[in-house]
Amino acid sequence: MRALLTKVVLAEGEPAPGGARPLSDATRHYLRVWRHASGRPLLQKWLDVGTHAETADLVNRLCRALELHIYPNSRLIELLWRLVLRRTRPLVPALKARILAMVTTRLSPRFTEARTAHTEPRPQPQPQPAPPQAHHRALGTPELSTALGTALFPTPQTRSVPPEVHHWATEQARRAFAPAVAPDVQWGNLLLLAIHQSELAAPPRAPEDGSSGAAGGESPGDWRPVLVLDALERGAGAGVLAPDARESVQGVVRPLWRTWKAGDDGSRSVDVVTSRPIAAAFFRLAARVVDGPLTDACYRFCVKHDLFRGGEKLAEEAVHSWADLNAAYVLAVAACRGVGWQAAFEETHISGSRELVLSTLFFHYVLTDLRVGYQVYRYALQRGYTLAERPLHMMEMKLATPRTWQLAVPLLERPGISRRRQEELLIAILRVLQTERMQSVEPRLAKMIGDALMKLYEDTAPHSKFKYPIRFVFCIMIASEHPARAIAIVEAIHRNVPDFQSFFTIRLLLRLMRTLVRYRYFHLTHRVHRLVPTDPAHARAAADFRRKLTHSLARAGAHSAARRAYGYGLDLKKDRVWRTPREAMAHAVRFNARTPAAKHTLPVVAMLRRAPTHPPTILYAVTLLVRAHRASAARRVLERALPHLDGRIVTNIGNTILDGVLTRHVVRNGRLVRHVMRLRAQMEERYGFRADRVTVNIMIKSLLRWRGVVDAPKIRGLFDHMVRCGYPASEQWLMRGAGTPFGTSAAGVAVNIADVDEKIVFEKHVRPLYRMFIKALFTRGDRAAARKVVGILKEEEGRAARMRLDRNQARWEG
């Protein structure tokens with residue numbers, strides 16, 4: 001049959017081999033096995049390409065299949081909803097009557113008694129009482145709507161529906177499809193159920209007949225109110241609706257309330273179990289449309305039938321429906337009276353557990369408005385209320401976002417939080433820090449994160465899938481004034497992991513070491529060095545780590561720490577260890593790479609012969625010579641190595657030589673400026689030196705030191721000139737009509753940077769330059785101009801940080 005159906009799209013309407021159409025052949029095959037197979041593929045094909053006659057045959061056979069089985073195939077039920085909801089080629093009245101007859105058959109005693117036998121709860125052992133912090137889902141209109149659907153088409157899972165709800169749903173279905181009800185009203189009831197059940201349906205719409213009341217003298221019951229309330233709550237969203245949307249929703253809710261309340265005339269008893277969730281739904285909708293009269297009417301109904309009372313005497317399932325009703329009333333009071341939730345909660349008389357009502361209110365706000373949900377949590381914390389654990393964990397995970405993660409960090413120390421949920425929350429926070437590429441956080445937040453990490457992983461290794469966010473946070477903790485805690489956590493994880501490479505890498509340890517050196521925590525670097533594996537497989541990586549640690553400490557001015565790192569794990573008197581030329585140079589200057597003595601740099605030129613063509617080694621040697629005030633020796637090194645260097649390295653070395661002139665205090669003022677200009681011209685002529693943005697900063701630095709000539713007005717003009725040349729300053733800092741921060745003229749500026757076409761980088765070029773201007777203006781007494789440059793610098797720092805976050809986010813998203 002399935003093979004024939006595959007030919008329908010290609011061959012339907014054309015004669016097939018043997019003179020038979022594929023759909024007709026498939027139908028004959030189905031008629032042989034229809035009692036033992038659902039025939040859903042054939043019925044689906046009939047619905048898609050069948051004619052009117054075939055649609056009638058489809059309806060008849062579908063109804064026969066649904067009348068045959070107590071638990072029909074779910075795909076047949078989906079096919080029924082498609083038939084009911086389709087707008088093209090609507091069903092004729094005769095086919096609608098056939099479907100309604102099938103529904104009546106399924107509500108007959110033969111089906112309902114068999115379903116009742118299946119839905120009776122099986123004997124089970126005595127359940128263990130749930131912990132007091134557990135949160136149970138209260139009975140609501142979604143559960144009631146589902147029960148109405150299972151009254152017609154049950155599933156094997158129908159046993160999970162409470163017996164009283166199942167009996168209520170069966171009774172409502174019989175009332176909705178009773179013979180005394182007009183066929184159009186019955187079809188409207190089925191249409192509402194199809195809209196609720198079908199995933200392919202459009203948004204809820206009114207039945208075509210437009211009727212909403214009883215037919216033939218029958219009471220309308222709960223069928224339509226429950227289904228429409230559920231659809232409205234799903235479609236109205238969260239919070240108060242806009243004014244234009246309130247009128248349309250009110251036009252549905254108020255007639256619906258009158259229809260449902262029409263049964264409160266003594267003709268039927270009020271079912272407390274199902275009336276509580278229906279009244280709660282009316283309260284929630286009244287809050288969204290700010291309908292005070294509806295709130296008052298619903299309140300009087302609840303008081304009349306004692307729906308608000310009995311919170312202490314109810315069974316466990318009913319207690320949660322009672323709490324949901326009280327919480328919904330608090331929401332309606334807060335919205336209609338224009339007061340906050342806290343005032344409404346405190347003013348409302350609750351004859352039962354206020355803690356349970358507050359927990360239900362908290363759960364509602366966690367799902368709809370996280371900001372208010374956090375306020376409810378703080379209120380409960382201050383008043384000593386205990387909230388349910390499930391909504392608490394939901395709030396914690398929702399707070400772990402780039403905008404609100406700071407609120408989630410204190411929840412790591414929440415009393416009663418389990419280890420599993422604490423770890424889940426911690427990893428969610430760390431992933432936010434990782435994706436946002438945070439550089440540092442507030443020290444108190446870093447301490448809380450460190451305490452949680454130590455508590456979780458002091459004796460247990462973390463799962464391998466968590467290693468990347470955990471590894472990222474170590475540098476954040478170091479930058480946030482908690483370096484010792486970060487290294488202690490690293491050591492604890494190192495003890496617990498079975499293998500070094502399962503969590504750590506040499507690159508991670510290098511990043512930790514450099515971060516410690518950057519923030520001048522030199523005394524902790526040896527603890528990181530102890531974590532480097534010493535087995536033969538990692539011997540080369542360990543030696544490279546020791547060399548980089550030595551150079552980093554020497555450049556930072558930690559001479560003693562660099563000397564210790566130089567000999568880590570070695571006996572310098574016995575072991576013969578090969579040293580790189582840079583290591584030998586650092587050892588020669590007594591690891592004082594910042595201010596080496598001239599006599600200690602005498603062996604540097606000779607050591608350079610071991611690597612005469614290696615650019616980093618040449619640059620390091622020139623740096624040591626310049627800082628020892630041996631500029632002529634540095635230029636000779638550059639001249640000898642020139643054939644082996646490219647233009648970029650020549651520029652870097654030339655900038656090092658130019659900057660070295662500024663460190664000597666012998667030459668000052670105009671002589672210093674002329675000396676820098678002359679040296680730059682000589683290097684351009686002899687070595688092919690080409691100026692870049694760093695060179696410009698050096699030239700500006702020399703000019704700002706000429707205090708006798710370059711006064712505050714000239715500094716203002718110089719800063720305006722830099723802005724004209726492309727250095728950043730936003731519109732709010734520019735003077736109107738001038739286009740510059742201080743409005744000076746472009747004439748008389750001696751610095752020409754027109755030949756520099758390098759891209760401006762904030763960290764390398766803008767920040768050092770603007771800081772020089774700020775210092776020069778403050779020392780000359782021009783505080784107003786200095787504050788303006790400070791404002792420009794702060795704004796550009798924020799813009800650079802946002803751009804860095806955008807780049808990291810784009811890189812993270814691929």
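A residue counts as buried when its relative accessible area is under 20%. The exercises below concern a predicted model.

**Exercise 1.** Decide whether Arg284 is buried or exposed, and state which residues it is in contact with.

Solution.
1. Locate the residue: Arg284 lies in helix α14, residues 272–289.
2. Apply the cut-off: the relative accessible area of Arg284 is 13%, so Arg284 is buried.
3. List the contacts: with neighbours within four places in sequence left aside, Arg284 touches Glu233, Pro277, Asp324, Ala328 and Leu331.

**Exercise 2.** Describe how helices α34 and α35 are arranged and which residues meet.

Solution.
1. Two packed helices are described by the angle and the distance between their axes.
2. The axes of α34 (residues 647–662) and α35 (residues 669–686) come within 10 Å and cross at roughly 165°.
3. Angles over 145 degrees count as roughly antiparallel, and α34 and α35 are therefore roughly antiparallel to each other.
4. Their crossing is right-handed.
5. From α34, Gly654, Ile657, Leu658, Val661 and Leu662 take part; they meet Leu672, His675, Val676, Leu679, Arg680 and Met683 of α35.
6. By type, the residues of this contact are eight nonpolar, two polar and one charged.

**Exercise 3.** Check the length of helix α19, then find its buried residues and what covers them.

Solution.
1. Helix α19 (residues 370–383) has 14 residues, and at 1.5 Å a residue these should span 20 Å.
2. The end C-alpha atoms of α19 are 20 Å apart, which agrees.
3. Buried in α19 are Leu370, Val372, Gly373, Tyr374, Val376, Tyr377, Tyr379 and Ala380.
4. The cover over these buried residues includes α17, α18, α20 and α21.
5. After α19 comes Gly384, with a positive phi near 85°.

Conventions:
Residues numbered from 1 in each chain as written. Predicted model: local features only at pLDDT ≥ 70, side-chain atom pairs only at ≥ 80, totals over all residues. Heavy atoms only, no water. Helix = DSSP H or I, 4+ residues; strand = E, 2+ residues; numbered from the N terminus. Buried < 20%, exposed > 50% of the residue type's maximum accessible area, 1.4 Å probe, protein only. Contact = heavy atoms within 4.5 Å. Axes fitted to C-alpha atoms, helices over the stretch in contact; angles between N-to-C directions. Parallel < 35°, antiparallel > 145°, perpendicular 65-115°, else oblique. Left-handed = near helix turned anticlockwise from the far one by under 90°. Nonpolar A, V, L, I, M, F, W, Y, C, P; charged D, E, K, R; others polar. Expected span 1.5 Å × (residues − 1).
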